[in-house]
2 protein chains.
Amino acid sequence: MNIGILGTGMVGEALGTKFIQLGHNVKMGSRTANNEAAVKWTQAAGAKASQGTFADAAAFGAMVFICLKGATFLEVAKTLTPTVLMGKVLVDVSNPLDFSRGMPPSLSVCNTNSLGEEVQKAVPAARVVKTLNIVNAEVMVDPAKGGHPTMLVCGDDAEAKKAVAGLLSTMGWRDIIDLGGITEARGTEMLLPLWLNLFGLFGNANFGFKVVRG
Amino acid sequence: MNIGILGTGMVGEALGTKFIQLGHNVKMGSRTANNEAAVKWTQAAGAKASQGTFADAAAFGAMVFICLKGATFLEVAKTLTPTVLMGKVLVDVSNPLDFSRGMPPSLSVCNTNSLGEEVQKAVPAARVVKTLNIVNAEVMVDPAKGGHPTMLVCGDDAEAKKAVAGLLSTMGWRDIIDLGGITEARGTEMLLPLWLNLFGLFGNANFGFKVVRG
């Protein structure tokens, strides 16, 4: 499969590298076509890796991952041709973290709205799936590093969620729960304050949340 | 130990009954001294059970549990003599659920504040510990029913948290994490949207969240 990655940070790199290991072709997109981090990653990742602008990566992928800081995608979406993501599975891995008031960050949107919903509104023609936002990059691509937590998936398109869950399985995710529509992104994004709290306590990000049942 | 319970709902009843089984004396408090639910519970629970007003229960307990709906305690606190909870361990089991906008409920406070913090501000002389608010009443008193999830504890007083964790252990809680100060109540209360989502999916409340590590 061709996968587009929007963003050149830790999350984009980790997912891009994992997808290539799994046999996919990956184009990493950023504001400029010759972003330094993307060049470096592309050279290291081999023949199945390429780079380009956000628009290039969006056009390339059958599945496109949002790996941008905070609500950055909402700005990027305004620069894309409305049709470039039409019908595509758009996987939102981002969290609305707001560092403007200092540490710990708060959420720029929560409770009665979510970034996942805002992403779907920004590109109504895309099939948005929210997932992976509840663990750090290393655990995303190696769930064993987080003690095999539960992965949560939500979105309004059942087929899109099935496709994403299938990809997650190949990445090692064993316990995947489909929460329902994209409004359920609220609950997953609202896990972040607790995640940040535990990250501070443990001193590392090798953990996650497992839904257990009696 | 003498334990005061503020509230006569499902949570108050379940905790009160459990504490009596564990050998404690429990006074259940409500707006009026002869609340019908409290009378019924007291008669069923035996010699170690008693009832009274909120003030009576607060005065009785060495440890006092807030088992009231939403932010009700903030109103109740205004009716209490400021000294009645002085130095006492005040365990806040409540969640700021707001049903005024319909289902699912939203949180009346979150993100940059929490009900736990508001409770501590309302009774600064008390040692507030937030816990048990992340599972339903049945799982609170029988963690096996929820698949032995993690229990989260936070508050500004280390000794108070130790006392509460000790009581939780006797109730069957095996995995207890001290998150830090009362501001960490934000993260635990913000678990509620996900909890409500899963409750809807599963059709029962026999579940919880386990923090797993790699």
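**View 1. Strand β11 of chain A pairs with strand β11 of chain B.** Seven bridges join β11(A) to β11(B) (residues 207-213), and the two strands run antiparallel. Within this predicted model, A:Phe209 has B:Val211 as its bridge partner in β11(B). Strands are DSSP runs of E with at least two residues, and helices are runs of H or I with at least four, numbered from the N terminus; two strands pair if DSSP finds at least two bridges between them.

**View 2. The contact between chain A and chain B.** Chain A and chain B each give 36 residues to the contact (heavy atoms within 4.5 Å). Between the chains there are 11 residue pairs in polar contact, both at pLDDT 80 or more. The elements giving two or more residues to the side of chain A that touches chain B are β7 (106-107), β10 (176-180), α9 (192-202) and β11 (207-213). Of these, β11(A) provides the largest share, seven residues. A polar contact is a pair of N or O atoms within 3.5 Å; within protein, one must be able to donate a hydrogen and the other to accept it, and residues adjacent in sequence count only if both atoms are side-chain atoms.

**View 3. An open sheet of eight strands in chain A.** The strand order is β3-β2-β1-β4-β5-β8-β9-β10, with mixed pairing. The edge strands, β3 (49-53) and β10, each pair on one side only. Strand β9 (151-155) pairs with β10(A) in the parallel sense over four bridges, and A:Cys154 has A:Gly180 as its bridge partner in β10(A).

**Notes.** Residues are numbered from 1 along each chain as its sequence is written, and chains are lettered from A in the order in which they are written. In this predicted model, local features need pLDDT of at least 70, side-chain atom pairs count only at pLDDT 80 or more, and totals for chains, interfaces and linings use all residues, while side-chain values use heavy atoms, without hydrogens and water.
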